[in-house]
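Subject: Structure for you to look at

Dear colleague,

Here is the structure I said I would pass on.

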Amino acid sequence: MGTMGDFFNNYLNIPKMIEEKREYRQQMARAEALPEDYRYVFKKIQRHMWMFAAGSGYDMMRIHYDLIELFEEGAAEGRRVLEVTGEDVAAFCDALLQNAQTYTENWREKLNRDIAGRFGGSSAGCADGVVGGSSGSSADGTDGGPK
């Protein structure tokens, strides 16, 4: 968790927000200048990735800026956009998101925290990812299967 100073720096720092907005506009102008296929894929990736953004979103913007640069290089080399991303664009997005703060990361942490809180200690001691081991029964005495 960040400090209160981090909060104010990320959310209430007006000069920083103005600068980030200016930079964002410049980057989006670069994206608009991409060839049509790159521009289409960039916009689809951008929309997809923003669904997962957490926090201030500044880390997500950095990823988008790096993506624009990657796409500019690919276009300059005459490569097709799917030669740059690969056919599985969703997997490409997943790889990009590994360095961003995402809601899924928060959800994973909450899940582990809730389970550790319920059963004490760390949830890392769960065999095969199942609380209570792999015996097929859960802590409440049920088999854990569908009802």
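Please keep in mind that the model is predicted.

Aromatic pair. The count of aromatic pairs comes to one. Y38 and F71 form this pair, with ring centres 5.2 Å apart and planes at 70°. Because an angle over 60 degrees counts as edge-to-face, the Y38–F71 pair is placed in that class. Y38 belongs to helix α3 (residues 36–50) and F71 to helix α4 (residues 58–76), so the pair ties together parts 33 residues apart in sequence. Y38 counts as buried at 1% relative accessibility, and F71 is buried at 0%.

Nonpolar core. The largest nonpolar core has 19 residues, and Y38 and F71 are among those with the most contacts inside it, together with L34, F42, I45, M49 and L67. Two or more residues of this core come from each of α2 (14–32), α3, α4, α5 (81–85) and α6 (89–97). Leaving out residues up to four places away in sequence, M49 touches M60, I63, H64, C93, L96 and L97.

Helix packing. The axes of α3 and α4 come within 11 Å and cross at roughly 160°, which means that α3 is roughly antiparallel to α4. Their crossing is right-handed. On the α3 side, the contact is made by Y38, V41, F42, I45, Q46, M49 and W50. The α4 side contributes M60, M61, I63, H64, L67, I68, F71, G74 and A75.

Regards

Conventions. Residues are numbered from 1 along each chain as its sequence is written. This is a predicted model: local features need pLDDT of at least 70, side-chain atom pairs count only at pLDDT 80 or more; totals for chains, interfaces and linings use all residues. Side-chain values use heavy atoms; hydrogens and water are left out. Rings of Phe, Tyr and Trp (its six-membered ring) pair if their centres lie within 6.5 Å; planes under 30 degrees apart count as stacked, over 60 as edge-to-face and the rest as tilted. Helices (H or I, at least four residues) and strands (E, at least two) are DSSP runs, numbered from the N terminus. Buried means under 20% relative accessible area, exposed over 50%, partly exposed in between (1.4 Å probe, protein chains only). A nonpolar core is a set of buried Ala, Val, Leu, Ile, Met, Phe, Trp, Tyr and Cys residues joined through side-chain atoms within 4.5 Å. Contact means heavy atoms within 4.5 Å. Axes are lines fitted to C-alpha atoms, for helices over the stretch in contact, and angles run from 0 to 180 degrees between N-to-C directions. Angles under 35 degrees count as roughly parallel, over 145 as roughly antiparallel, 65 to 115 as roughly perpendicular and the rest as oblique. A crossing is left-handed if the near helix is turned anticlockwise from the far one by less than a right angle, and right-handed if clockwise.
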